[in-house]
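Dear colleague,

I am handing over the structure below and would be glad if you looked through it alongside these notes.

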Amino acid sequence: MDRVKLDNVISLVNGQLNPAGFDCIEAEWLGHERILRLFVERPAEGMGMNLDGCVSATRLINEFPELDEMVPGHYVLEVSSPGVE
């Protein structure tokens, strides 16, 4: 998956995540394993990203069938915190 398509994925999922207080800041595609990894943060002050946040963001994204249209075939979705950096 090229950079343009990854940027389109970020824009698409942010439409679903932003109203809930999340922001997808990066995406990467591990083609051989068919893993779509999204790095999500909670930009609101004092609301760092934790495991519960990753679970909530994953549920929101899983309820968004438009993503499956952008990534045809079987793939694994991973939602992760970008970490301190």
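**The sheet and its helices**

In this predicted model, three strands form an open sheet in the order β1-β2-β3, and their pairing is mixed. The edges are taken by β1 (23-30) and β3, each of which has a single partner strand, so one side of each is left without a neighbour in the sheet. Direction ignored, neighbouring strands of this sheet are turned against each other by 20° on average.

The strands β1 and β2 run antiparallel and are joined by seven bridges. Within that pairing, A27 has L38 in β2 as its bridge partner, while the bridge partner of E28 in β2 is R37. The hairpin of β1 and β2 has four residues between the strands, and in this hairpin R34 takes a positive phi near 55°.

Helix α2, for its part, lies across β2 and β3 and runs at about 140° to β3.

**A closer look at α2**

Helix α2 covers residues 51-62, which is 12 residues, and it reaches 16 Å from its first C-alpha to its last, close to the 16 Å expected at 1.5 Å a residue. At the start of α2, a side-chain oxygen of N50 comes to within 3.2 Å of the backbone nitrogen of D52.

Which residues of α2 are buried? They are G53, C54, A57 and I61. Seen down the axis of α2, these buried residues fall within an arc of 100°, so they line one face of the helix. The buried residues of α2 pack against α1 (3-17), β2 (35-41), α3 (65-70) and β3 (76-80). On the face of α2 that is turned away from its buried side, by contrast, you will find the exposed residues L51, D52, R59 and N62.

With kind regards

Notes
Residues are numbered from 1 along each chain as its sequence is written. This is a predicted model: local features need pLDDT of at least 70, side-chain atom pairs count only at pLDDT 80 or more; totals for chains, interfaces and linings use all residues. Side-chain values use heavy atoms; hydrogens and water are left out. Helices (H or I, at least four residues) and strands (E, at least two) are DSSP runs, numbered from the N terminus. The expected span of a helix is 1.5 Å times one less than its number of residues. Buried means under 20% relative accessible area, exposed over 50%, partly exposed in between (1.4 Å probe, protein chains only). The arc is that of the directions from the helix axis to the C-beta atoms. Contact means heavy atoms within 4.5 Å. A polar contact is a pair of N or O atoms within 3.5 Å; within protein, one must be able to donate a hydrogen and the other to accept it, and residues adjacent in sequence count only if both atoms are side-chain atoms. Two strands pair if DSSP finds at least two bridges between them. Axes are lines fitted to C-alpha atoms, for helices over the stretch in contact, and angles run from 0 to 180 degrees between N-to-C directions.
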